[in-house]
Amino acid sequence: MDTVTSALLTDLYELTMLEAAREAGTASRRCVFEVFTRSLPEGRRYGALAGTGRVLDAIADFRFDDADLRYLRRAGLLKQETLEHLAEYRFTGDVHGYAEGELYFPNSPVLRIEGTFENAVLLETVVLSILNHDSGIASAGSRMITAARGRPCIEMGGRRVHEDGAIAAARAAYIVGFASTSNLAAGAHYRVPVAGTAAHAFTLLFDTEEEAFRAQLASQGSGTTVLVDTYDVESAVRRAVELAGPGLGAVRLDSGDLGAQAGRVRDLLDSLGARGTRITATGDLDEYRLEELQDVPLDGYGIGTRLVTGGGHPAPGFVYKLVEREGADGQMHPVGKRSADKATLGAGKAAYRMRVGEHAHAELVLPGEAEVAEFERELTAELTSGQSNPDWTRTSLRSLQQPLIVGGEVVEDLRAPARVEAARAQHAASVEELGLSPDEGPDGPVAIPTITDGAEAARLLG
């Protein structure tokens, strides 16, 4: 995570394409690239965007230092003229995109990168690496937060991923509503609240469970969380309350039938006068398990593996595609793949969340200002006709794209913790805007349609 530059976090073909384009005289053509997904994983109602702040840092650090250039020269991968160009490389273009924490849907242009081909093409791999990783975790985590129904969740998956990935995972989880993380590096770098008390190893270190509890309580106070399933749960709960008193903070269950155990433990705690003692659960939890536990007297969850590996869909499928480029005539032209299953809608696009009242109704992704203007004309005509659908009078458009980098400079260079807090607030507002109920369950159809034609958008409520 603390690499000096991010320039080698890329694929070789980005550099070979640059070299060939320079030799062909097309490298300086103006281009527009967009980052989007063609679909959502089966059952996912929306995606949650995370990693944008890390992308901005990576772009700022994307430069080839002496060590990078020595490696490329030694490997014999590029010509000297190309190496000399890379030595001076800095991204000088513009980046517009969705705010971090925002929701996305199929074909949402979450990032638009504009610049010359040689300036913008090099960013593809590092941008996709960050966004696919962080958004995969955020998308799974957001579902878990909804399923938790207000019960706090702790991210604790650092042992299941690469050490640097664990920090990014904790960041992404916090953005979508996790209350804290067990990862100290995430706490130090992003100011994510940290939490943790003791594992089974601590209990097993002592000759008796009572000795372990006494030591933990003496060190951490009665508000600590005691792990009670090392041996016998009921005996452990009784012993913990006896030692800590009714002010014991929490007990944690990590194995067995969590639903059945939690009910028995709640009754036992209440009978011992520890009515304020919370019960937390850990152990291979995900949104489906949380749904099953919704009526169980649990007060919080610790979630690891299923969160940090993306809940079965670790990569959302973001792609980085050229959608518009300058032609030999000096004019910009839409371009895109035409293959049946991977077709690309050409032209740089504007994106809006169409709202009816307070709730999102559609994702409006229109190719160019003309399409946006056409829709606005349709909307105005409908409102002034005197025969409009009543819903039209409550319709509004929320612009989704904002300038992130202009002329190579980050527009709002917030410190890392401030970026994260802003993204957390954005995500909460965007989920609320969908108006989904937790009782609908994790899976379902995509929450809102993506409309890519102004006339079709106008007909949506007509």
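The lining of the largest pocket divides into 12 nonpolar, 15 polar and 7 charged residues. In this count Ala, Val, Leu, Ile, Met, Phe, Trp, Tyr, Cys and Pro are nonpolar, Asp, Glu, Lys and Arg are charged, and the others, Gly among them, are polar. The model is predicted: local features need pLDDT of at least 70, side-chain atom pairs count only at pLDDT 80 or more, and totals for chains, interfaces and linings use all residues. Residues are numbered from 1 along each chain as its sequence is written, and side-chain values use heavy atoms, with hydrogens and water left out.

Stay with the pocket. Its space comes to about 960 Å³. A pocket here is an open set of points on a 1 Å grid over the protein atoms alone, where a 1.4 Å probe fits, with protein on both sides within 12 Å along at least five of seven lines. Lining residues have an atom within 4 Å of a point. Points are joined across faces, edges and corners, and the volume is the space filled by probe spheres set on them. The lining holds 34 residues. Nearest the centre of the largest pocket lie Met156, Ser182, Arg252, Thr282 and Gly302.

Which strands supply at least two residues each of this lining? They are β6 (153–155), β9 (250–253), β10 (278–281) and β11 (300–303). Strands (E, at least two residues) and helices (H or I, at least four) are DSSP runs, numbered from the N terminus. β11 gives the largest share of the lining, 4 residues.

Now the partners of β11. Strands β6 and β11 run parallel and are joined by 3 bridges. Two strands pair if DSSP finds at least two bridges between them. Cys153 has Tyr301 in β11 as its bridge partner. β10 also runs parallel to β11, with 2 bridges joining them. There, Thr280 has Gly300 as its bridge partner. From β10 the chain crosses through helix α13 (residues 287–292) to β11, and this β-α-β crossover is right-handed. With the strands pointing away from the viewer, the path from the first strand over the helix to the second runs clockwise.

Next comes an open sheet of 7 strands. Its order is β13-β12-β1-β5-β3-β17-β18, with antiparallel pairing. β13 and β18 (409–410) are the edge strands, and each pairs on one side only. Glu324 stands opposite Pro334 in β13.

Two loops carry backbone features worth checking. Most residues other than glycine have a negative phi. Asn107 is not a glycine, yet its phi is positive, about 70°. Asn107 sits in the loop between β4 (103–104) and β5 (111–116). Asn107 is partly exposed, at 33% relative accessibility. Ala347 also has a positive phi, about 85°, although it is not a glycine. Its loop runs between β13 (332–334) and β14 (350–356). Is Ala347 buried or exposed? Ala347 is buried, with a relative accessible area of 14%.

Last, the charged side chains. Side chains of opposite charge can pair when their charged atoms come close. The whole structure has 30 salt bridges, each a side-chain nitrogen of Lys or Arg within 4 Å of a carboxyl oxygen of Asp or Glu. Arg112 and Glu114 meet in one of them, at 2.8 Å from N to O. Arg112 counts as buried at 13% relative accessibility, whereas Glu114 is partly exposed at 25%. Asp270 and Arg275 form another, with the closest N and O atoms 3.9 Å apart. Here Asp270 is partly exposed at 22%, and Arg275 is exposed at 62%.

Arg355 forms a salt bridge with Glu358, the closest N and O atoms being 3.4 Å apart. Arg355 is buried, with a relative accessible area of 17%. Glu358 is exposed, at 59%. Both residues belong to a network of salt bridges that also links Glu102, Arg353, Glu363, Arg398 and Glu433.

Conventions: Buried means under 20% relative accessible area, exposed over 50%, partly exposed in between (1.4 Å probe, protein chains only).
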